[in-house]
Amino acid sequence: MKKRTKRIVRSSLVAFAVFLVVTAVCAAVFVAISLKSAGFGVGAPATEAESVPVESETEARSEYLIDLSDYEKYINPTGSRRDAFLALVNAENAGKAEKELVALGPERSKSDVTLHPYAAMALEAMLMEMEAENVRLINPDTRLTLSVTAGFRDSDVHDEHITGLSVDMHSCAVSDISFKNTEAYGWLSENCWKFGFIVRYPEGKSAVTGVSFRPWQFRYVGRFHAKEIHFNNLTLEEYLKGTK
Ligand SMILES: [Zn+2]
């Protein structure tokens, strides 16, 4: 071949090679975008049922103002412990009396309240965080400070307090629906899931729970489940029905 022809052939080959590379890159980008929008991307929900606003575990932790790393394993039990606190106790389901109990300190409760250690530790973390966030714990109407009034109780197998995972707390003279108007309740109802708790008998759910709204009663289930229950607006009854 002539020198000139050789040069033309070579530059054509180079141009063709460049064309192939560009095409391959474009195709790869297109496939990646298609897969991502189809839900195959990293971190995308695997099913529709899971497409609730879920934050990563580190994000949940970063919402605490104080360092609660010592409490993390109680707030968010993992492994076989994750599902260990879902006992359903209601009119239809009897509970077994919890044996593993610890007493709350006098600074948290005026009465002798005991709870399962996991619930007690998670509760302590929650109360510490409330203080750190300067949530108003005094009820201006009663001038009483938020305090825990009940924990474990085994007088009735159909009373959830038998689990040692149920906590009553309020700033009223007695357990009273007016507690819902306090700043403390407002904070608790929005934030208790971050510590593994749920409002056990929410407003408007008495047909499901069989119990009218109790703003003072919280139930420890662990953060994994509390988060699902909170963001899906469920009761424990509805949640357990859905996961079975
Ligand atoms: Zn109660």
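I count two residues as in contact if their C-beta atoms, placed from the backbone, lie within 7 Å.

**Ground rules.** I'm working on a predicted model, where local features need pLDDT of at least 70, side-chain atom pairs count only at pLDDT 80 or more, and totals for chains, interfaces and linings use all residues. Residues are numbered from 1 along each chain as its sequence is written.

**Contacts and confidence.** I looked up the contacts with a separation of 6 or more: 66% of them in the protein join residues 24 or more positions apart. Then I checked pLDDT, the predictor's confidence in each residue, from 0 to 100. Its mean is 85 for the protein, and 74% of the residues reach 70 or more. Residues 35-53 fall below 50, and beyond near neighbours in sequence I find 10 contacts for this stretch in the model.

**Overall layout.** Helices (H or I, at least four residues) and strands (E, at least two) are DSSP runs, numbered from the N terminus. I get eight helices and six strands, and along the sequence they read α-α-α-β-β-α-β-β-α-β-α-β-α-α.

**The sheet.** I take two strands as paired if DSSP finds at least two bridges between them. Four strands make an open antiparallel sheet, in the order β3-β4-β6-β5. Which strands stand at the edges? They are β3 (147-150) and β5 (197-201); each has a single partner strand, so one side of each has no neighbour in the sheet. Neighbouring strands are turned by 45 degrees against each other on average, direction ignored. For such angles, axes are lines fitted to C-alpha atoms, for helices over the stretch in contact, and angles run from 0 to 180 degrees between N-to-C directions.

Next I zoomed in on β4 (residues 166-170) and β6 (residues 214-220), which pair antiparallel over three bridges. S166 sits opposite R219 in β6. Helix α4 (residues 117-132) packs on the sheet and touches β4, β5 and β6, with its direction at about 125 degrees to that of β6.

**Burial.** My cut-offs: buried means 20 or more other C-beta atoms within 10 Å of a residue's own, exposed 12 or fewer, partly exposed in between, with C-beta atoms placed from the backbone. Of the 244 residues in the protein, 31% are buried. In α7 (residues 223-231), I note R223, H225, A226, K227, I229 and H230 as buried.

**Positive phi.** N134 is not a glycine, yet has a positive phi of about 55 degrees. I place N134 in the loop between α4 and β3, and it is exposed, with 9 other C-beta atoms within 10 Å. N233, also not a glycine, has a positive phi of about 55 degrees. N233 lies in the loop between α7 and α8 (236-243); N233 is exposed, with 11 other C-beta atoms within 10 Å.
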